[in-house]
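Please look through the structure below, beginning with the whole fold and then turning to individual residues.

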Amino acid sequence: MRRVLFVIPPYFDVHGVAAQGRAAVLPSFTIPYGILSMEAYLRVNCSKLEAVRLIDLNVTLKKLVEDGRTDEYEAVFRREIEASLIEFRPQIFGVSALFNTSFGYVESVLDVVKSHDPSILTICGGGLPSAAFEMMLRTCPSLDAICKGEGELPMKALIDSEDPWDVITEHKAWVDRAQLATGKVPQHDFIQELDEIPEFDYSFIDLDNYNSRSIDKRYADRPKREMAIHTSRGCPFLCVFCSNPSLHGRSMRAMSVERVVNDVTRMRDEFDMTVLLIEDDHFFFDKERAKTLLKAFADLGIRCEFPNGVAVYAIDDEVAFLFSAAGVSAVVLAVESGSDYVLNHIIKKPLKKKLIRPAVEALRRHDVRSHVFIVVGLPGEMDEHRKETMDMLLETGFDWIHINLAIPIFGSRLYDICVENGYLETTRAEDFVATRANIRAPGVDPIAVENFAYEAQLRVNFAESANMRLGRHHIAMPYFQNVVSKYPEHAFGQFFYAKCLELEGRFQEARLHRAHAERIFADDPWWRDLAERFGVIERSEPADHLLPSALGAELQAISA
């Protein structure tokens, strides 16, 4: 009988967070859906599986950041892993790594295992190794083998085998150094019928560690239980910055409507879920199925959100009505750019700019908040394209915008383009984050793009907020309140929250926040310059245009 210990390495850069000090911004952790799916499938279908355990080092590192002990993280990781190795005694140790930023942690985690017991089989899977299997096998000596794509079927074959090395040699989804040397390229081995995956055992994790991903800030301070679901896998599109095909493929596979409804009902009844996070990469691949699910959710008495983004072209008045009826309070629209040229010729996204505003207006008619994802800094994007994006953002009237810098993720076309043309400023995996410009290409200057991303969010979310301009301060107010509660030194957050309080007639509270904003403007030349340029306060005297010392943190702060 075999025991499997899974570890999820951090997917944020500890050094970057530590350097930001009080302005440190941690990502919102999502439920480790892939591990839960594998655990459920392996528990029911393996004849030689004794037990599975999981360590999510994101949770560990978050506590160290909060305690100001980030300099101890390697020793703490080692102690936590060694304690589990001693007590659990696994024969197989699996690392599940999603993003480039996890790469720096993988080898050190695996080295702990091999130092403890070289006979433990060390494997790796997930988005990062699926795309970068060759690089990881060549640079991580403590790594034995990699699984390409989803792991349910390849892991079952490995666990139930007489000799796991025979499976690694012969199975199409597995690859090791010896097979790599022969030219083997691992292939996907997918479950075609997702209903074959048994119900998840949510007691396998502590749900309290995954309760901060929802985006509707009206509910930020209210008790809630968030849980995530992926009702489908795959995406047919080939957006330049996306590596999804390397993990889930381009063909769509989906749970039945009945299975989805049963799972969501169970989450609500057995685990007290109040917020369902639908994290499909392409929920509207079958619009009729999507509408049927929304109609079913309407009877469950829960709130729903789509934090990963939904296809703009799928949203019309009927869908917006179904969203509202199903308790969908906020939707992120996967717009990516306000330029048709960028959308169609650079990103290769099947979207026309003219569809964006009608979708937002339909959502607004049914009281569904509209957020938007924008990506800037793609090779070939010029100043005029970014101006088009800015104009679109100001004209459309989103409730909140999130601008990310283009990340050349392993497995994406963007990564290949950047490597082939020498566009990368650095190849350090920890620099591949959405708050740090790492691409220098024709039309793309890293500092200028960082400036644009930061200032566009300040301008659209605060200085020229559509909700404030149109007299909907009650919609804008929770967003400003969320910013100041997390980042007290955010001057625009303080200033515009004070304006909302004044409109509410809460003058004493408003004076406190306005005074806080005015103190920051008086003491900080950088904030004062921004406020004067955007017309938030009257210009006093010329100020040098300065970048914030912790730009990454500030970018995240205004997107929070």
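Two residues are in contact here when they have heavy atoms within 4.5 Å. What is shown is a predicted model, in which local features need pLDDT of at least 70 and side-chain atom pairs count only at pLDDT 80 or more, while totals for chains, interfaces and linings use all residues. Residues are numbered from 1 along each chain as its sequence is written, and side-chain values use heavy atoms, with hydrogens and water left out.

The protein as a whole contains 25 helices and 14 strands, where helices (H or I, at least four residues) and strands (E, at least two) are DSSP runs numbered from the N terminus. Its C-alpha trace spans about 75 × 50 × 45 Å along the principal axes. The radius of gyration, taken over C-alpha atoms and compared with a globule rule of 2.2 Å times the number of residues to the power 0.38, is 24 Å, which agrees with the value near 24 Å that a compact globule of 560 residues would have. Of the contacts between residues at least 6 apart in sequence, 73% join residues at least 24 apart.

Of the 560 residues, 59% count as buried, a term that means under 20% relative accessible area, with exposed meaning over 50% and partly exposed lying in between (1.4 Å probe, protein chains only).

Asp56 lies in strand β2, which covers residues 49-56. Is Asp56 buried or exposed? Asp56 counts as buried because its relative accessible area is 9%, which falls under the 20% limit. Not counting residues up to four places away in sequence, Asp56 touches Ile8 and Tyr210. With Tyr210, the side chain of Asp56 makes a side-chain polar contact of 2.6 Å, and another polar contact, of 3.0 Å, joins the side chains of Asp56 and Asn58. Such a polar contact is a pair of N or O atoms within 3.5 Å; within protein, one must be able to donate a hydrogen and the other to accept it, and residues adjacent in sequence count only if both atoms are side-chain atoms.

Gln179 counts as buried because its relative accessibility is 17%. Leaving aside neighbours within four places in sequence, Gln179 is in contact with Ile168, Thr169 and Lys184.
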